Amino acid sequence: MKEHTLSVLVENKAGVLSRVAGLFSRRGFNIESLAVGTCEEPNMSRITIVVIGDDAHLEQVKKQLNKLIDIIKVSDITYHDHVGRELALIKVNAEAGSTRAEIMQIASIFRAKIIDVGTRTIVLEVTGNPDKIDALEKLLRQYGIKELVRTGRVAILRGAKTVASEK
Amino acid sequence: MKTGARILIESLQREGVNTIFGYPGGSVLPIYDELYDSSIQHVLVRHEQAAVHAADGFARASGKTGVCLATSGPGACNLVTGLATAYMDSIPVVAITGQVPTSMLGNDAFQESDITGITLPVTKHNYLVKDASDISRVVKEAFYIAGTGRKGPVLIDLPKDVNTSQLSVQEEEPGPVVLRGYQPTYRGHARQIEKAIGLLRKADRPVIYAGGGVIESEASCELLELAERFGLPVTTTLMGLGCIPCDHTLNLGMLGMHGTEYANYAITECDLLLAIGVRFDDRVTGRIETFAPHAKIIHIDIDPAEIGKNKPVMIPIVGDAKAVLGDMLHQLEKREQKGPWLDRIRTWKEKHPLKYRDDGLLHPQYIIQELSSLLDGNGIIVSEVGQNQMWTAQYYCFKEPRTWLTSGGLGTMGYGLPAAMGAQVACPEKTVFDIAGDGSIQMNIQEFGTIAQYNIPVKVAILNNMYLGMVRQWQELFYDRRYSSTELPSIEFVKIAQAYGIEGMRVDSASDVRPALEAAIAHDGPYVLDFRIEREENVFPMVPAGAAINEMIGGHQQ
Ligand SMILES: Cc1ncc(C[n+]2csc(CCOP(=O)(O)OP(=O)(O)O)c2C)c(N)n1
């Protein structure tokens, strides 16, 4: 079992996401994370899906995705050199004083941004690979995380290659 | 100025549609109004499920795409089972549904149902059209998607205001279909084909395992040519019956759960399996680990997702069966037939033929054999689901593709009568039989009304055992004869037929079978035969669920 990152180009049409989500639940494929957004082509969107499974399982996932008419291209970039990023917004308890200073120090080590400061809380924004975000979350837990919002992963190939040009 | 409904009808005509099976209602009134004086024939069914099965039967018998029409809400929902049936068997159907006006979508308006949502998993694709200017393009795409690649049903949902809205633009023919995400592969990969041929040359005990894909791709001639030129025995799935003539020496009949013993033995012993247009379904393979355990497998299929899905394959060939087999034939010279292997198969065939008790009682297998000899390959046989389906598959001698229509993948009781109706409309000159059980026929028996009204001369042969026979058989074999909710009361089907204005005959003895069948065939119009068969007759041989396919019960040792 291995984590796979799929970069999926789709028609920018109503209902595409429910077709993809429906397919995953129907066939018993588990989605670890999913992120949708526009992309460089005007009428297309890109869905980045993280799935866990063995290679045979992934082969089925890809083939079944490819069968959807509105899906233009499915690329498994797991074995290609790529960078993946997630973003998290973390609202953490931070009474003025020493804890607040500590949290700000942790934030700077993780290169997290402080995007809101309240009288009793701070909101941090952090991007990175999931391990980094997990580590930050673990460190902040001691202060009390009031709310945590995380995106799905987005990923891109390194170098000049693009998913659209990959065969 | 043209209405959306008018554009729809013109678009259908451009696709060559001459028959629609449907049922009206509020949201499709504009479409029915256009149908009123159009050249398209509309067949009014008695339940929307029958409309989609009829479109499916029309498609299977003719090779064209079948079309059905239903109103929003309940009408659309009644299509679901039929769409799922067509989807599982890869049959090209276009279903058109009415929908509430776009302004009311999502409001739980009267007779609203999210039919594109509901049918997502049972259609190849579907559309909710929100602008009349999209209709002609969508119809063209729908037919293209339904009838190419791995075929399947496509649904088009049309809100009422889209049908009534007036379009001022001069409606032009839509341009060629452009679907970036849909480019089926027809030609097989040359290197893969070469490798497959290499394996075929070396094999000592080769077998072809052919399915519905061969029928849908019209590849039967190529299949036969390949089999003959290379001396390859052929076994077919339930869906593939007819792709090789049943009386051909190389034919092994059907394989799998109720397959012939010799087909299952051949699969178990073969060293090369050439699988064409098949899915390695569990009803075929039995315990998958013991299916073709000694074989190298070549799998030809137009759907890449089927290759390697259930069983690892040595040589995958993605492509259309007709195109791939054609390419193979170009490269294959005639070869010496593998004598010892074919001898072995001949011995199995002689030692383990299909058989049933010959005691003069009314056995269903005898009815099927008699019908087979009377029609001599010239009819179209449709079945319901259950024992009736399996006896027909085993004992009817199919000689050509598209003469056997059955719900294989979904196993839908109630499929037969409406599908037979559709097949008969597609092929008016042929004798069409629905082989039914007394349970299944009652699932869409209201269609007696349709065949009577339009004088569609379908013959219905009910193998009446006053049981849900196939379920009863499982209860007998695996549940200690505890017949829980499988007994049915005696129904006088002839009287029901008569109430609809259809003639019929009840048959209680074996000696009356042939004359009764002859009377039905000779009758100018629909006809119903109620055969009172041996009640606890079983379908044998049988591979119990989860067993290896060479572990059959009720075979020759019976
Ligand atoms: C719509 C539907 N419901 C239930 C079943 C399960 N089922 C499979 S065979 C069968 C019995 C069929 O009985 P009948 O039509 O009388 O045919 P027989 O087996 O007796 O020939 C049933 C209930 C099914 N296949 N389809």
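Modeller: A helix here is a DSSP run of H or I with at least four residues, a strand is a DSSP run of E with at least two, and both are numbered from the N terminus. By that rule H11(B) is a helix, and B:Gly231, which follows H11(B), has a positive phi, near 65 degrees.

Biologist: Before we go on, what kind of model is this?

Modeller: This is a predicted model, in which local features need pLDDT of at least 70 and side-chain atom pairs count only at pLDDT 80 or more, while totals for chains, interfaces and linings use all residues. Residues are numbered from 1 along each chain as its sequence is written, chains are lettered from A and ligands numbered from 1 in the order in which they are written, and side-chain values use heavy atoms, with hydrogens and water left out.

Biologist: Which residues of helix H11 of chain B are buried, and why are they said to line one face of the helix?

Modeller: Within H11 (residues 220-230) of chain B, the buried residues are B:Ser220, B:Glu222, B:Leu223, B:Leu226, B:Ala227 and B:Phe230. Seen down the axis of H11(B), these residues fall within an arc of 165 degrees, so they line one face; the arc is that of the directions from the helix axis to the C-beta atoms. Among the elements of chain B that they pack against are helix H9 (190-202), strand E9 (206-210) and helix H14 (321-331).

Biologist: Why is B:Ile533 called buried?

Modeller: Buried means under 20% relative accessible area, exposed means over 50%, and partly exposed lies in between (1.4 Å probe, protein chains only). B:Ile533 has a relative accessible area of 4%, and is therefore buried. This residue lies in the segment after strand E20 (527-532) of chain B.

Biologist: What does B:Ile533 touch?

Modeller: Contact means heavy atoms within 4.5 Å, and, not counting residues up to four places away in sequence, B:Ile533 touches B:Leu362, B:Pro364, B:Ile367, B:Trp391, B:Leu463, B:Asn464 and B:Asn465.

Biologist: What makes B:Asn126 count as buried, and what joins its side chain to that of B:Thr119?

Modeller: B:Asn126, found in strand E6 (residues 125-128) of chain B, has 3% relative accessibility and so counts as buried. A polar contact of 3.1 Å joins the side chains of B:Asn126 and B:Thr119; such a contact is a pair of N or O atoms within 3.5 Å, and within protein one must be able to donate a hydrogen and the other to accept it, while residues adjacent in sequence count only if both atoms are side-chain atoms. Among the residues that B:Asn126 touches is A:Arg19, along with B:Ile115 and B:Leu155.

Biologist: Which residues come nearest to the ligand?

Modeller: A residue is near a molecule or strand if one of its heavy atoms lies within 4 Å of it. Of the 17 residues around the ligand, B:Gln387, B:Gly411, B:Gly439, B:Ser440 and B:Gly469 come nearest. Helices H17 (387-395), H19 (438-441) and H21 (469-478) of chain B each supply at least two residues of this shell.

Biologist: Which atoms of B:Asn465 and B:Met470 lie by an oxygen atom of the ligand?

Modeller: For B:Asn465, a polar side-chain atom is 3.0 Å from an oxygen atom of the ligand, whereas for B:Met470 the atom is a backbone N or O, at 2.9 Å from an oxygen atom of the ligand.
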